[in-house]
Amino acid sequence: MIKIGPTVSTFQEMIPILATGEAVSPVHAQAARYHARPDRAYVPIHDAPPARWVLIWRAGTETELIREFARAAHQLNADI
């Protein structure tokens, strides 16, 4: 049986728990690029489904700039 480890709310809270060997955690592949350190091992999970990212913002704060950014991101995704 796999023991469930401590609960965290942010990536930054997770780092010390991983550093002590108290837990392991799946993360997006980008974590290896942006949070690389010699004391961390990022091991690809080849049979996991691809992760998807989405844009999110508070509905009451939507502006034309946000809508344009969302359109541009959508277009980039469509071109892939």
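This short talk walks through the fold, the accessibility and the pockets of the structure shown above.

A word on provenance before anything else: this is a predicted model, in which local features need pLDDT of at least 70 and side-chain atom pairs count only at pLDDT 80 or more, while totals for chains, interfaces and linings use all residues. Residues are numbered from 1 along each chain as its sequence is written, and side-chain values use heavy atoms, with hydrogens and water left out.

Let me start with the overall architecture. The protein chain has 3 helices and 0 strands, where helices (H or I, at least four residues) and strands (E, at least two) are DSSP runs numbered from the N terminus, and the order of elements is α-α-α. The radius of gyration, taken over C-alpha atoms, is to be set against a globule rule of 2.2 Å times the number of residues to the power 0.38. For the protein chain the radius of gyration is 17 Å, well over the 12 Å that the rule gives for 80 residues, so the chain is more spread out than a compact globule. Its C-alpha trace spans about 45 × 30 × 30 Å along the principal axes.

Turning to accessibility, I call a residue buried under 20% relative accessible area, exposed over 50%, and partly exposed in between (1.4 Å probe, protein chains only). On that basis, buried residues make up 6% of the 80 residues in the protein chain. Contacts, meaning heavy atoms within 4.5 Å, can be sorted by separation: among those between residues at least 6 apart in sequence, 13% join residues at least 24 apart.

In the segment before helix 1 we find Val8, which at 31% relative accessibility counts as partly exposed and which, not counting residues up to four places away in sequence, touches Glu13, Met14 and Ile17. Pro6 also belongs to the segment before helix 1; leaving aside neighbours within four places in sequence, Pro6 is in contact with Ile17, Glu22 and Ala23, and the C-alpha atoms of Pro6 and Glu22 are separated by 8.4 Å.

By way of contrast, what is the relative accessibility of Pro50? Pro50, in the loop between helix 2 (30-34) and helix 3 (64-79), counts as exposed at 74%.

Finally, the pockets. On a 1 Å grid over the protein atoms alone, a pocket is an open set of points where a 1.4 Å probe fits, with protein on both sides within 12 Å along at least five of seven lines, and lining residues have an atom within 4 Å of a point. The largest pocket has a volume of about 700 Å³, and of its 25 lining residues the closest to the centre are Ser25, Pro26, Val27, Tyr42 and Val43. Helix 1 (residues 11-19) gives the most to this lining, with 5 residues. The second largest pocket holds about 420 Å³ and is lined by 11 residues, with Trp53, Val54, Ala73, His74 and Asn77 nearest its centre. For both volumes, grid points are joined across faces, edges and corners, and the volume is the space filled by probe spheres set on the points.
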